[in-house]
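Here's a walk through one protein chain, meant to be read with the structure open beside it.

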Amino acid sequence: MRFSQTLIPTLREDPVDAQVVSHRLMLRAGLIRPLGAGIYTWLPLGLRVLRKVEAIVRQEMDNAGAQEVLMPAVQPGELWQESGRWEQYGKELLRFVDRHDRQFCFGPTHEEVISDLVRREIRSYRQLPANFYQIQTKFRDEIRPRFGIMRGREFLMKDAYSFDLDWAGLEVSYQTMFAAYQRIFQRCGLAFRAVEADTGSIGGASSHEFHVLADSGEDVIVSCDQCDYAANLEKAVSRPAEIADTGAVAVPAVERVATPGQKSIEAVGQFLRWPVERIVKSLLVEAAGEPVLLLLRGDRELNMVKAAAALGVPQVTIPEPERAAQWAGVAMGSLGPLGTPLRVLADREVPALADFVCGANTEGWHWQHVQWERDVPLPALADLRNVVAGEPCPRCATGRLQRHQGIEVGHVFKLGDKYSQSLGVRVLDSQGLEQTLVMGCYGIGVSRIVAAAIEQHHDQNGICWPVALAPFQIALLLLNPREPGEVEAGEALYRDLLAAGVEVLLDDRDERAGVKFKDADLLGCPLRVVVGGRSFKEGMVEVQARTGERAERVPLAEALATLVRLAGR
């Protein structure tokens, strides 16, 4: 491909609205251009990278025995109502009506559609196991699209769905997909980690996320430094703290103390001279329209996903201050478990506190020297908080937990019968009896992999593509396109490389050498070859790896063989 004949609108400066490296470099390198909030046009070089990711995904899915289909992007609302997700999914689901006032949505995922297909077409256990996948554009109406392709509203996704007669069959399908995902990310040249995860709005019994490790990742993943335990922050747990033997601790009598104007845990701790880890934080949340008081240690963060799971609701929210005060009878900063009429749920770490401070349910007052059972009944317990680095691993005896930033690029779910039961996906078994099928769901963010690869592979000058994803293997620079000898030699090398199956971007523009070098670094092809200048006069071309420190001079007569070898052809 010739640079002069291709739309590659590179930019010298970082766009002001681009917050992460991948967004900045994809715009500067002319890979994408924005059309609307979270919606992008893929330009020629960006599309080449996207198609390479797509090809790797397709090859590994085919090799794993999955069958490719293509389902409609627009889905009838009746299917979603049948599964129960029409209202549950929330505002991310883009809903609309057609001219006949029938409800539709633009699919963010396809569990309902594939279930409808299978219930119509698969009748017997002899047709199982079955796994169908597609690579298709999805749309999720993010409230705040950001980070370019990383968190856009429209994106390219591979979604697959397995169907088995029982859970044992699902386990085989799940492990097959798990292994296929590992191969996909390895082939893409990514450093990644598979972690246990919450099932979220998709639902199901259990799931794993695949994260590309990057400092700019918006997700937090937790892993053990001694064993293979790993989970995302929404799922991660630590080894529970031992519950204190309150009978063996001499705790002074509970005391009601004034805390005027102290609105935060930190302020209360400083005012009373109590460490925040010995203050019980009381948070009022709304769960299915009802108030619940959640208790955590003062230095811990509430995990909303864990709280929702513990309360058996799709989500919990923090109510508006007026609504919270109406429920509790006091402002949020003074809430506490003593004498409250509210339902109370405590983090499982809280009972380890034998002597603590908490709100007194009166503005500007707290209790100190509170003891469980003596002063307040021990409430129901659940895991409600985010783990912190350094806590003991829940799986092994010696490990400590570490926190990393990650970019989620894949997610696999054991759905079980969540959709097959509600949508009536059944077959006849070997005894002629109807059985509800057991499903798995497997998603990969094809377009997000492009951004994740850039986050992991770049330097101060631009992108450093992994070989498998690079738009071209070689950037071939003609330093002086007005010099006939250089042009003739460069054009000949370009044609010979193409004939040898090497992907080459020929920079034949009438531009300064410095511009060409900067663009070559920005675009990030694994090899840069320079024809021209002093080296050419000496019968040489200069070859440099994108991540190499210096160029190697290669005789022009040997350039073709050398480059074919370096390109892996």
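This is a predicted model: local features need pLDDT of at least 70, side-chain atom pairs count only at pLDDT 80 or more; totals for chains, interfaces and linings use all residues.

Let's start with an open sheet of five strands, which come in the order S16-S14-S15-S17-S20 with mixed pairing. Strand S16 (316–317) and strand S20 (380–382) sit at the edges with a single partner strand each, so one side of each has no neighbour in the sheet. Helix H9 (residues 321–328) packs on this sheet, where it touches S14 and S15. The direction of H9 makes about 105° with that of S14. Further in, strand S15 (residues 290–297) and strand S17 (residues 343–347) are paired in the parallel sense, over four bridges.

The chain has 15 helices and 31 strands, and its C-alpha atoms fill a box of roughly 95 × 70 × 55 Å along the principal axes. Of its 569 residues, 52% count as buried. Taking contacts with a separation of 6 or more, 69% are between residues 24 or more positions apart. The accessible surface comes to about 25500 Å², and carbon and sulfur atoms make up 49% of that. As for charge, there are 64 positive and 75 negative ones, and their mean positions are 3 Å apart.

Now for another open sheet, again with mixed pairing: its five strands run in the order S28-S27-S29-S30-S31. Which strands stand at the edges here? They are strand S28 (504–507) and strand S31 (552–555); each has a single partner strand, so one side of each is left without a neighbour in the sheet. From one strand to the next, the twist averages 25°. Strand S27 (residues 474–478) pairs with S28 in the parallel sense over four bridges, and Ile474 stands opposite Val504 in S28. Helix H15 (residues 556–566) lies across S27, strand S29 (527–531), strand S30 (540–545) and S31. Relative to S31, H15 runs at about 120°.

Next, the covered parts. Strand S24 (residues 438–445) is largely enclosed by the rest of the structure, because eight of its eight residues are buried. In a regular strand, side chains alternate between the two faces of the sheet. Both faces of S24 are covered: one side has Val438, Gly440, Tyr442 and Ile444, the other has Met439, Cys441, Gly443 and Gly445, and all of these are buried.

Here are the strand pairs described in this report, lined up for a quick look.

| Strand pair | Sense | Bridges | Residues opposite each other |
|---|---|---|---|
| S8 (residues 154–164) and S24 | antiparallel | eight | Met157 and Gly445 |
| S21 (residues 401–416) and S24 | antiparallel | six | Gly410 and Ile444 |
| S27 and S28 | parallel | four | Ile474 and Val504 |

Helix H11 (residues 446–456) is mostly covered too, with ten of its eleven residues buried. Among the buried residues of H11 are Arg448 and Glu455, along with Val446, Ile449, Val450 and Ile454.

Most residues other than glycine have a negative phi, and most peptide bonds are trans. The peptide bond from Leu128 to Pro129 is cis, with omega near -5°. You'll find Pro129 in the loop between helix H5 (111–121) and strand S7 (130–139).

Asp101 has a positive phi, near 65°, and lies in the loop between strand S5 (94–97) and strand S6 (103–106). Is Asp101 buried or exposed? At 64% relative accessibility, Asp101 counts as exposed, because the cut-off for that is over 50%. Ala288 also has a positive phi, near 55°. Ala288 is in the loop between S14 and S15, and is exposed, with a relative accessible area of 65%.

One last stop is Arg273, in the loop between helix H7 (265–272) and strand S14 (280–287). Arg273 is exposed, with a relative accessible area of 78%. From Arg273 to Arg546 is 273 residues in sequence and 57 Å in space, C-alpha to C-alpha.

Technical notes
Residues are numbered from 1 along each chain as its sequence is written. Side-chain values use heavy atoms; hydrogens and water are left out. Helices (H or I, at least four residues) and strands (E, at least two) are DSSP runs, numbered from the N terminus. Buried means under 20% relative accessible area, exposed over 50%, partly exposed in between (1.4 Å probe, protein chains only). Contact means heavy atoms within 4.5 Å. Accessible areas come from the Shrake-Rupley method with a 1.4 Å probe; for residues, only the protein chains shown count as cover. Lys and Arg count as positive and Asp and Glu as negative; His and the chain ends are not counted. The place of a charge is taken as NZ of Lys, CZ of Arg, CG of Asp or CD of Glu. Two strands pair if DSSP finds at least two bridges between them. Axes are lines fitted to C-alpha atoms, for helices over the stretch in contact, and angles run from 0 to 180 degrees between N-to-C directions.
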